Amino acid sequence: MSTSQVVADLNLAGAGLGSSLNVGGAAGKKVPQLEVPENDGRPAWNSKLQYILAQVGFSVGLGNVWRFPYLCQKNGGGAYLVPYFILLLIIGIPLFFLELAVGQKIRRGSIGVWNYVCPRLGGIGMSSLMVCGFVGLYYNVIIGWSIFYFFQSFQYPLPWSECPIRKNGTLAIVEPECDKSSATTYFWYRQTLNTTSTIAESGGLNVKMTLSLFVAWIIVCLAVIKGIASSGKVMYFSSLFPYVVLFCFLVRGLMLKGSVDGIAHMFTPKLEKMLEPQVWREAATQVFFALGLGFGGVIAFSSYNKIDNNCHFDAVLVSFINFFTSILATLVVFAVLGFKANIMNEKCVVENAEKILGYLNSNVLSHDLIPPHVNFSHLSTSDYAEMYGVIKTVKEGSFSQLGLDPCVLEDELNKAVQGTGLAFIAFTEAMTHFPASPFWSVMFFFMLINLGLGSMIGTMTGITTPVLDTYKVQKELFTVCCCIVAFLCGLLFVQRSGNYFVTMFDDYSAGLPLTVVVILENVSVAWIYGTKRFMQDLEDMLGFRPYMIYFYLWKYVSPLCLIVLISATVIEMAISPPGYNAWVQELAQERFQSYPPWALAMCFALIVVAMLPLPVVFIARHFNLMSDGSNKLSVSYRKTMMKDMSNLEEQDEARSILGAKPGEVPSSVPARKAYLTPGGNKPLDPNSLSPNSCYGTSYQNAAISPTTPTTPTTPVTPESDS
């Protein structure tokens with residue numbers, strides 16, 4: 001049987017590598033082809049464990065320790081876990097899975113991924129990079145604070161355990177600012193930050209914090225300078241060590257008096273809270289940020305995976321590890337805070353008992369008011385409560401003048417603290433009462449450093465990976481330059497007023513921009529690219545079709561929830577006066593202050609600058625003012641498509657030969673595979689893909705079929721998207 005020879009040369013350009021695929025041969029002969037090498041030059045994880053630890057280290061951060069416990073206490077205790085878990089299932093895991101899948105499939109950073117999914121929405125990746133930059137600037141300042149406390153912990157007693165004594169001639173008095181607040185509060189605001197009373201007062205650089213920030217950036221730079229080759233090894237320690245510390249603190253905390261009171265208070269459900277919309281909004285926000293969605297770090301890490309890695313398993317595993325880490329941290333925090341509450345409550349009882357004794361000795365109160373079984377030398381909280389109730393009932397008219405406190409344990413437990421207030425004030429105060437307190441302090445702040453480092457590695461990878469994918473610059477040089485520039489910009493946060501700028505960036509640089517970024521990611525995949533196409537991609541990549549529930553979650557549920565979240569965030573920003581809690585030295589307490597006009601302009605500038613790439617890139621590509629980046633398609637992605645096309649052409653040629661009638665010459669035009677079409681039933685014509693059409697650039701170079709016979713020396717040039 002005779003056949004005609006079909007020859008097609010595909011010239012592929014991009015990623016600094018050119019290759020050609022020759023398809024042809026006579027009947028009965030194996031089709032010769034030149035394949036792209038298995039190692040396309042892109043770094044890869046040494047093991048699956050290393051990758052999982054990197055994703056866990058990025059998603060599990062400081063927020064799990066000092067944000068989640070606060071939200072749990074504020075929003076109904078154990079009842080808060082119900083909306084959080086529901087939203088984790090319908091928003092967190094699906095969107096986390098989506099980011100893992102697109103990164104692994106296209107093997108690019110955030111800029112490259114969204115350029116290929118939809119060039120007009122390529123600004124998504126740039127906005128992610130901007131947000132990573134803003135967050136990295138102030139996040140590393142927090143690591144710097146932890147480094148300072150870490151080194152201060154190597155002394156006994158701990159420097160924040162007692163108020164300093166000021167000598168005034170022959171008199172020695174307690175520092176008034178410390179006496180009005182507490183030793184840990186004074187150490188934080190005065191000896192650590194040396195903070196000013198307003199954001200407008202710069203106060204100059206804080207030398208101690210500047211040095212701490214410098215050390216923090218050196219650590220981060222060394223961790224990421226070699227890419228995943230260096231950061232992957234760091235993750236073995238930085239991701240696992242916090243769990244060792246948390247379990248140690250949990251065991252130690254459960255042995256302390258009052259720890260059970262704290263845990264019981266924490267998980268006592270207030271079911272009525274579940275009906276409040278604010279609880280669901282805060283739960284959605286926490287789910288959103290806990291997994292690191294929109295930052296680009298998730299996509300960057302997954303882009304170094306093998307194409308057939310089971311990213312669905314990874315998404316579920318990392319999400320649940322994150323959830324259970326939050327619960328573990330909450331147990332630890334409230335076991336320790338329960339112990340602290342008992343200490344403070346006993347202190348309150350002693351102080352007020354001394355007041356009552358004074359009133360008894362001065363005949364302001366009658367001895368008949370004291371129950372006969374009360375022993376002032378061993379006064380229990382229940383005895384004090386009984387005595388307090390009797391005195392309040394008898395002296396109803398003049399009771400307020402006595403200045404007695406009720407000393408209720410519940411009131412101490414209800415004092416909600418979060419963020420720096422929890423880590424650097426409440427928790428440090430509790431640790432001063434631990435036996436061997438310096439050891440526990442060293443462990444705690446070393447844990448915070450590692451938690452922050454894991455998140456910073458992911459944040460920096462979200463910056464470096466898309467840039468290195470797009471522009472071929474030297475990795476080490478670019479990383480060092482990024483760290484130097486970041487340190488210089490970070491000097492804003494180590495002024496004496498720097499703490500207020502940390503609050504500003506935390507409130508405005510990430511919240512709304514990241515929510516917009518993620519909803520655009522969701523819409524671009526589910527509605528523009530097509531959920532059916534994406535499901536087919538996943539089936540080809542994973543070897544199985546994901547559960548159908550993901551189709552409806554990506555297409556309807558997640559976008560709707562994100563729209564509601566954005567609306568609630570905008571309303572919250574509109575009705576809440578923008579401001580910050582300033583430390584007033586004269587009063588030795590925090591007081592809310594509104595931002596001055598220039599600071600208010602800075603707040604909104606952070607939001608605008610972070611989201612500016614979205615409309616700019618859309619307009620520029622709509623009017624063909626900038627390239628869509630199609631010439632930068634990853635080599636490994638092309639290789640997969642090339643293999644599929646080669647196999648199809650071999651099958652089609654064999655089919656045409658076997659089914660041909662005697663004397664009939666088979667067609668030289670191979671059939672096209674219906675790449676990425678809903679259900680695979682409608683072929684995607686490459687000629688219909690315009691340069692700026694969404695999802696065109698991903699597959700246009702790959703889905704090329706020759707329409708006329710060519711000679712072996714004539715290449716078929718793929719259409720250009722640029």
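User: Leaving aside neighbours within four places in sequence, which residues is Ser239 in contact with?
Analyst: Leu53 and Gly57. Keep in mind that this is a predicted model.

User: Where does Ser239 lie?
Analyst: In the loop between H10 and H11.

User: Is Ser239 buried or exposed?
Analyst: Buried. Its relative accessibility is 4%, and the cut-off for buried is under 20%.

User: And what lies 2.8 Å from a polar atom of the Ser239 side chain?
Analyst: The backbone oxygen of Leu53.

User: New topic. How many salt bridges are there?
Analyst: Eight. In general, side chains of opposite charge can pair when their charged atoms come close.

User: Which residue does Glu282 meet in a salt bridge?
Analyst: Lys74. The N to O distance is 2.9 Å. The pair links distant parts of the chain, with Glu282 in helix H13 and Lys74 in helix H3, 208 residues apart.

User: How accessible are those two, Glu282 and Lys74?
Analyst: Glu282 is buried at 7% relative accessibility. Lys74 is partly exposed at 33%.

User: What does Lys226 pair with?
Analyst: Glu476, in a salt bridge of 3.5 Å, N to O. This pair also links distant parts of the chain. Lys226 sits in the loop between helix H9 and helix H10, Glu476 is in helix H21, and 250 residues separate them.

User: What is the accessibility of Lys226 and of Glu476?
Analyst: Lys226 is partly exposed at 45%. Glu476 is partly exposed too, with a relative accessible area of 25%.

User: What about Lys257, which residue does it meet?
Analyst: Glu346. That salt bridge is 2.6 Å, N to O. Lys257 lies in the loop between helix H11 and helix H12, and Glu346 lies in helix H15, so the pair ties together parts that are 89 residues apart in sequence.

User: Why does Lys257 count as exposed?
Analyst: Because its relative accessibility is 56%, and exposed means over 50%. Glu346 is partly exposed, at 31%.

User: Back to H13. Which of its residues are buried?
Analyst: Val279, Arg281, Glu282, Ala283, Ala284, Gln286, Val287, Phe288 and Ala290. So Glu282, the salt-bridge partner of Lys74, is on that list of buried residues, with 7% relative accessibility.

User: How far does H13 reach from its first C-alpha to its last?
Analyst: 20 Å, for 14 residues. That is close to the 20 Å expected at 1.5 Å a residue.

User: What follows H13?
Analyst: Gly292. Its phi is positive, near 70°.

User: Now H6. Where does it bend?
Analyst: At Gly136, by about 25°.

User: How many residues of H6 are buried?
Analyst: 25 of its 30, so the helix is mostly covered.

User: What about Glu521, where is it found?
Analyst: In helix H23, residues 511-542. Glu521 is buried, with a relative accessible area of 3%.

User: Which residues does Glu521 contact, leaving aside neighbours within four places in sequence?
Analyst: Glu99, Trp114, Ile124, Ser128, Gly294 and Ile299. As for Val117, its C-alpha is 9.4 Å from that of Glu521, and the two are 404 residues apart along the chain.

User: Last topic, aromatics. How many aromatic pairs does the structure hold?
Analyst: 60. One of them is Phe58 with Phe301. Their ring centres are 6.3 Å apart and their planes are at 85°, so the pair is edge-to-face.

User: Where do Phe58 and Phe301 lie?
Analyst: Phe58 is in helix H1 and Phe301 is in helix H14. They are 243 residues apart, and the pair links distant parts of the chain. Phe58 is buried at 6%, and Phe301 is buried at 0%.

User: How are the rings of Trp188 and Tyr189 arranged?
Analyst: Edge-to-face. The centres are 6.4 Å apart and the planes are at 65°. Both residues, Trp188 and Tyr189, are buried.

Terms used
Residues numbered from 1 in each chain as written. Predicted model: local features only at pLDDT ≥ 70, side-chain atom pairs only at ≥ 80, totals over all residues. Heavy atoms only, no water. Salt bridge = Lys/Arg side-chain N within 4 Å of Asp/Glu carboxyl O. Helix = DSSP H or I, 4+ residues; strand = E, 2+ residues; numbered from the N terminus. Buried < 20%, exposed > 50% of the residue type's maximum accessible area, 1.4 Å probe, protein only. Polar contact = N/O pair within 3.5 Å; in protein donor to acceptor, adjacent residues only side chain to side chain. Contact = heavy atoms within 4.5 Å. Bend = angle between axes of the 7 residues up to and from the residue. Phe/Tyr/Trp six-rings, centres within 6.5 Å; stacked < 30°, edge-to-face > 60°. Expected span 1.5 Å × (residues − 1).
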